[in-house]
Amino acid sequence: MPTGRAVLLLRRLSTGDSRLKNINLNQSTTKDSAFSLPICIHRDLGANKRFSSFDLSNLSPPLLTRSFSDNIIKMATANPDKPKHTNRLVTEKSPYLLQHAHNPVDWYPWCQEAIEKAKRENKLIFLSVGYSTCHWCHVMEKESFENEDVAKIMNEHYVNIKVDREERPDIDRVYMLFVMATTGGGGWPMSVFLTPDLRPVTGGTYFPPEDKWGRPGFKSILLTLAIKWRENRAQFIEASTNILDALQNISKVQDAASSVPGEATWTKCVRRYMASFEPEFGGFGKAPKFPQASIFNFLFHYYARDKHDPEGKRCLEMCLYTLKKIAKGGIHDHVSSGFARYSVDNDWHVPHFEKMLYDQAQLLVAYSDAYIATKDEFFADVVRDIAKYINRDLRHESGGYYSAEDADSYPFFGATHKKEGAFCVWEYDELKSLLEGKQLGSLSYFEIFCDYFNVEKSGNISPDSDPHGELTNKNVLIIYGSKEETMSKFGISMEQFNEVITKCIDILYEARSKRPRPHLDSKMLCSWNGLAIAGLAQAGQGLGEKSFVEDAIKTAQFIKQYLYDSNTKTLLHSCYRGDDGRIAQTNQPIQGFLDDYAFLIKGLLDLYEASLDLSWLNWARELQMKQNELFWDDENGGYFTCSTEDSSVILRLKEDQDGAEPSGNSVACHNLQRLATYADKSAAPEGGDREREMAKRVLTAFARRLMDSPTALPEMMSALMFYNDSPTQVLIAGGCSDPRTLELVRVVRSRLLPGRVLAVADPAADSPVGMSDILLSRIRCAGDVPTAYVCRRYACSLPVTDVKQLESLLDEPAPK
């Protein structure tokens with residue numbers, strides 16, 4: 001979170017010290033508090049998160065408890081009658097905004113109309129930010145936004161704006177920076193009070209409707225602020241001006257370094273991960289535990305640089321151990337596949353049950369790398385499991401992937417209360433009833449299943465993970481032992497074990513499919529689909545699964561059709577599934593942000609290497625030029641998260657935290673170096689030296705961050721190693737349909753190579769568009785035989801045509 005003098009000023013101003021006394025939304029808890037911070041968080045906000053110059057490396061993430069009995073979401077079953085209330089959100093496309101379309105609150109989406117109304121009527125703006133699968137967003141809606149007494153106060157004294165954080169990350173980031181600086185933490189729902197010119201005055205996260213837990217209730221806050229705005233408007237304006245000045249100070253990246261950091265920086269990062277590694281169940285740090293994919297990317301890269309280095313081997317061991325524990329844990333859905341966002345405990349056992357596309361996409365890469373490093377089918381099976389989940393449950397028929405599935409659902413049809421995890425958990429008697437009578441000779445399927453997945457009669461969830469008893473007598477399937485231990489206990493073979501478990505899972509999947517499904521956020525985001533393309537393309541290469549590459553191609557085609565304007569060569573951020581199932585768009589489509597470009601470019605570069613289709617590489621180059629035009633900071637280097645197009649966004653930020661999703665700057669730094677390598681040292685304006693110099697400026701812009709808080713940016717740390725080492729270029733000349741060429745390509749794809757860039761030139765192609773003449777001049781077939789070159793530090797090996805020779809070249813340690 002932000003620290004420093006600017007933060008102290010922000011806290012003083014926003015809590016009313018001096019000028020605006022008693023405007024105190026302090027969200028610190030008392031000893032009697034039922035929980036520490038009842039909100040939905042991403043890993044970004046759980047540890048050293050900042051947008052420019054602050055550090056949480058010495059702070060523990062806020063404690064998350066599982067659920068609270070007095071806050072079970074209460075949702076009425078579908079009412080066939082016309083809703084009592086309807087507001088402007090009913091015409092929106094965002095699933096989150098539509099969830100609030102029938103609140104008695106007079107909600108506006110983020111729009112000029114709402115801003116002008118606030119100015120015209122001299123009212124504060126109440127800004128509420130969340131997302132459709134956020135548990136505590138649902139809670140605050142049911143408690144406050146569906147309460148007519150609360151809504152009356154909101155409508156009388158405020159202009160109320162509702163924002164989907166996934167739809168407008170630019171708005172979310174600005175005000176989250178403010179909330180984190182002033183309260184010491186952040187998450188969703190986010191509740192911020194703004195002046196009519198959009199400057200924040202005070203804010204927080206979740207507020208109970210009435211005063212409780214040592215916090216002011218939402219109604220008290222609304223009334224107090226309304227009175228003070230009416231009586232002290234000039235002082236509000238003055239304070240908000242100072243607040244904005246302080247935010248601008250916080251958001252500035254520190255002075256760029258004169259040079260790119262060196263080996264000591266990533267060595268420091270590695271050793272910090274070694275020190276924070278949790279040896280029993282893996283992961284880095286204490287509960288809540290998140291599968292932080294950027295960490296795996298960095299550690300695998302470090303290992304690949306020198307597979308004989310003891311610290312590199314330790315990095316590999318930490319990755320493999322953690323990935324196995326995650327896959328065996330309850331965070332992994334053993335019945336319906338895919339992974340939940342995080343576990344609330346140390347064992348990866350009790351999850352926060354929502355499933356996000358970005359987690360699935362990034363874990364595809366992590367488990368693919370684990371498989372490539374070990375050739376252990378355990379990891380390949382997990383990759384296939386993730387792909388099965390996203391293609392079955394998150395995919396639109398046109399090829400795009402939906403954003404998420406909710407944690408909450410009705411425990412049975414006709415229920416009036418949604419409960420978190422209801423779709424996923426099992427009672428002992430229910431499992432016994434479902435599996436009763438299924439036998440392997442004299443052995444019971446049920447007993448074998450319960451032993452392997454640690455099912456207990458009274459439930460297997462610790463009270464520490466369920467302090468209010470909502471999951472009493474429930475089981476979340478988790479594997480603490482091994483297949484071999486269960487096989488030995490029951491005296492069965494591996495074939496028999498697999499048959500029993502597979503049949504049990506099939507039975508449970510069928511039973512679960514009869515339960516009410518969780519809400520699906522059918523919004524399709526360019527950025528997250530870009531991550532999915534990258535994940536599928538890398539999985540397709542690593543496992544040799546052509547179908548994964550075909551899935552990635554279909555998604556790239558989807559983005560080109562629905563989220564790309566070929567006239568302006570720009571991306572759109574989101575599209576939606578309409579009521580008729582077709583792809584829908586808002587009246588004013590949201591323009592793409594940095595993450596949309598960076599993540600998609602990464603996906604397209606991976607897709608080129610997976611498909612050998614140059615059109616994807618060429619599109620990536622085109623998008624990189626547009627990204628540079630829209631987001632690049634000529635003065636200080638690096639990329640802003642948004643363009644200057646929307647004047648209602650009061651700050652342009654540079655995100656410098658690799659959290660639940662990697663930072664756009666981190667991914668862009670990789671992309672620039674890969675594109676530079678493809679262009680070799682061409683003088684063409686779209687590549688080569690220009691891209692390499694831009695990557696250098698990104699690294700120097702964030703050099704202080706990399707050196708002071710290395711674990712904040714593991715993805716950029718990987719890009720830093722890429723820059724210092726130079727890429728491992730593998731250049732192959734040969735027909736793309738020639739089995740001999742494809743065998744050389746397979747050898748490359750089957751290895752973890754540091755900073756790998758694969759290029760294939762087909763001499764028979766009519767027009768090898770996109771490869772520079774310099775690059776092509778270095779790739780020549782030996783006669784009519786496909787030929788490979790391995791280039792490190794811009795020095796190439798002698799040409800090889802034999803697979804064994806290529807394997808030997810690739811397995812040599814990279815020169816340092």
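## A walk from arginine 384

Start by selecting arginine 384, which is partly exposed at 29% relative accessibility (buried is under 20% relative accessible area, exposed is over 50%, and partly exposed lies in between, using a 1.4 Å probe and protein chains only). You're looking at a predicted model, where local features need pLDDT of at least 70, side-chain atom pairs count only at pLDDT 80 or more, and totals for chains, interfaces and linings use all residues. Residues are numbered from 1 along each chain as its sequence is written, and side-chain values use heavy atoms, with hydrogens and water left out.

Arginine 384 sits in helix 14 (residues 377–393); helices (H or I, at least four residues) and strands (E, at least two) are DSSP runs, numbered from the N terminus. Show what arginine 384 touches: leaving out residues up to four places away in sequence, you get Glu377, Leu543, Glu545 and Phe548 (contact means heavy atoms within 4.5 Å).

Zoom out for a moment. The chain has 29 helices and 25 strands, and 62% of its 816 residues count as buried. Among contacts with a separation of 6 or more, 72% join residues 24 or more positions apart.

Next, pick helix 5 (residues 135–145). Ten of its eleven residues are buried, so helix 5 is largely enclosed by the rest of the structure. Those buried residues include Trp136, His138, Met140 and Phe145.

Colour its buried residues: Phe236, Ala239, Ser240, Ile243, Leu244, Ala246, Leu247, Ile250 and Ser251. They cover an arc of only 165° around the axis, which puts them on the same side of helix 9; the arc is that of the directions from the helix axis to the C-beta atoms.

On to a helix pair. Helix 11 (residues 293–305) and helix 12 (residues 310–328) have axes that come within 8 Å and cross at roughly 145°. Axes here are lines fitted to C-alpha atoms, for helices over the stretch in contact, and angles run from 0 to 180 degrees between N-to-C directions. For the contact, select Phe296, Leu299, Phe300, Tyr302 and Tyr303 on helix 11, then residues of helix 12 including Glu311, Cys315, Cys319, Leu323 and Ile326.

Two cis peptide bonds come next. One runs from tryptophan 188 to proline 189, with omega near 5°; proline 189 is in the loop between helix 7 (169–183) and strand 4 (190–194). Another runs from alanine 287 to proline 288, with omega near 0°, and proline 288 is in the loop between helix 10 (263–276) and helix 11.

Now check some backbone angles. Tryptophan 348, not a glycine, has a positive phi of about 60°; find it in the loop between strand 6 (342–343) and strand 7 (351–352). Tryptophan 348 is buried, at 1% relative accessibility. Asparagine 473 also isn't a glycine and has a positive phi, of about 70°, but asparagine 473 is partly exposed at 39%.

Last stop: serine 726, in the loop between helix 26 (714–725) and strand 22 (728–733). Serine 726 is buried, with a relative accessible area of 11%. Apart from neighbours within four places in sequence, serine 726 contacts Arg792, Arg793 and Tyr794.
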